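Biologist: I have just opened this entry and would enjoy a tour of it. Please take it one question at a time.

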Amino acid sequence: MLRKSVPRAPSRVLERGRRTVIDFESNAVARLFDAAETVFANEGFAGASMDQIATLAGLNKATIYYHIGNKEKLYQEILKRHFSRFADRLERELADCEDPLEGLRGIVRIHAEEYSRSRASTRTIAHELADGLSRTGAEVRAIVWRILGVTKRYVDTAGARGLLPPLDLLSVHYLLVGPLILHEIVIPVAPTAAEPPSDWRPPESTLAAMQDLIARIVVPALAGR
């Protein structure tokens, strides 16, 4: 008896043979993302080129278009990758933290640990913030709001309990995490850029020390302590 053939589902491709769904398990995609993280971190969106990314990944440029899309799409995926790490950790690790001031310290800690883990993430986020988040699409903005939402939860709770005065959400968030970004971008080049006297050496500065400084001074200062 002949078995009735079942038609195969059409492969998910865009027009001209491009994929509609990114295969995140693909070795080529992993190499492209790693290369794109490096190039976008070093050059920003405007300075990065698809040729640079393809060369660093050891692939041809057509592979990027097939697996991911154009430069804008690739950049959006990199931003999603970076911001999602922060949002996921904040929501997971602070889910049970009810103390608003301790929660603000947790936000500082998690950002410091993520910035320390990935210099590429720090630099790309700094590039995007400097551009006013002008290239973030709807998906990326939703992830950024998840990050800000954690800060908002603690600012609102602290205000309701009389622990903080009325404060602007963005001002609080950038006061807590902005110095961490600046530290990671400026400190590695500061001695050369500032051209200090030959007999002067700057004290050693670490991201952990900056995290501790914010937790001990900035958070209590917000509460007027």
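Modeller: Happy to, and one term comes first: a crossing is left-handed if the near helix is turned anticlockwise from the far one by less than a right angle, and right-handed if clockwise. This is a predicted model, where local features need pLDDT of at least 70 and side-chain atom pairs pLDDT 80 or more, while totals for chains, interfaces and linings use all residues. Residues are numbered from 1 along each chain as its sequence is written, and side-chain values use heavy atoms, without hydrogens and water.

Biologist: How many helices and strands does the chain have?
Modeller: Helices (H or I, at least four residues) and strands (E, at least two) are DSSP runs, numbered from the N terminus. Along the sequence the pattern reads α-α-α-α-α-α-α-α-α-α. The count is 10 helices and 0 strands.

Biologist: How are H5 and H7 oriented to each other?
Modeller: Axes are lines fitted to C-alpha atoms, for helices over the stretch in contact, and angles run from 0 to 180 degrees between N-to-C directions. H5 (residues 100-117) and H7 (residues 138-160) pack at about 155°, with axes 8 Å apart. Angles under 35 degrees count as roughly parallel, over 145 as roughly antiparallel, 65 to 115 as roughly perpendicular and the rest as oblique. H5 and H7 are therefore roughly antiparallel.

Biologist: Is the crossing of H5 and H7 left-handed or right-handed, and how do the residues of their contact divide by class?
Modeller: The crossing of H5 and H7 is left-handed. With contact meaning heavy atoms within 4.5 Å, H5 brings Pro-100, Gly-103, Leu-104, Ile-107 and His-111, and H7 brings Ile-147, Val-150, Thr-151, Tyr-154, Thr-157 and Ala-158. Ala, Val, Leu, Ile, Met, Phe, Trp, Tyr, Cys and Pro count as nonpolar, Asp, Glu, Lys and Arg as charged, and the others, Gly among them, as polar. The division is 7 nonpolar, 4 polar and no charged.

Biologist: How are H7 and H8 oriented to each other?
Modeller: H8 covers residues 169-186, and the two helices pack at about 100° with axes 10 Å apart. H7 and H8 are therefore roughly perpendicular.

Biologist: Which residues of H8 does H7 meet?
Modeller: From H7 come Trp-145, Ile-147, Leu-148, Thr-151, Lys-152 and Val-155. By class, the contact of H7 with H8 has 7 nonpolar, 2 polar and 1 charged residues.

Biologist: How do the residues of the contact of H1 with H6 divide?
Modeller: H1 and H6 (residues 119-130) pack at about 45°, with axes 8 Å apart, and are therefore oblique to each other. Glu-37, Phe-40, Ala-41, Asn-42, Glu-43 and Gly-44 of H1 touch Ala-120, Arg-123, Thr-124 and His-127 of H6. The classes come to 3 nonpolar, 4 polar and 3 charged.

Biologist: What is the relative accessible area of Ala-30?
Modeller: Ala-30 is found in H1 (residues 27-47). Buried means under 20% relative accessible area, exposed over 50%, partly exposed in between (1.4 Å probe, protein chains only). Ala-30 is partly exposed, at 33%.

Biologist: How far apart in space are the C-alpha atoms of Asp-131 and Phe-45?
Modeller: Asp-131 lies in the loop between H6 and H7 and counts as partly exposed at 43% relative accessibility. In sequence, Asp-131 and Phe-45 are 86 residues apart, while C-alpha to C-alpha the separation is 9.9 Å.

Biologist: And what share of the residues in the chain is buried?
Modeller: Among contacts between residues at least 6 apart in sequence, 72% join residues at least 24 apart. Of the 225 residues in the chain, the buried share is 40%.
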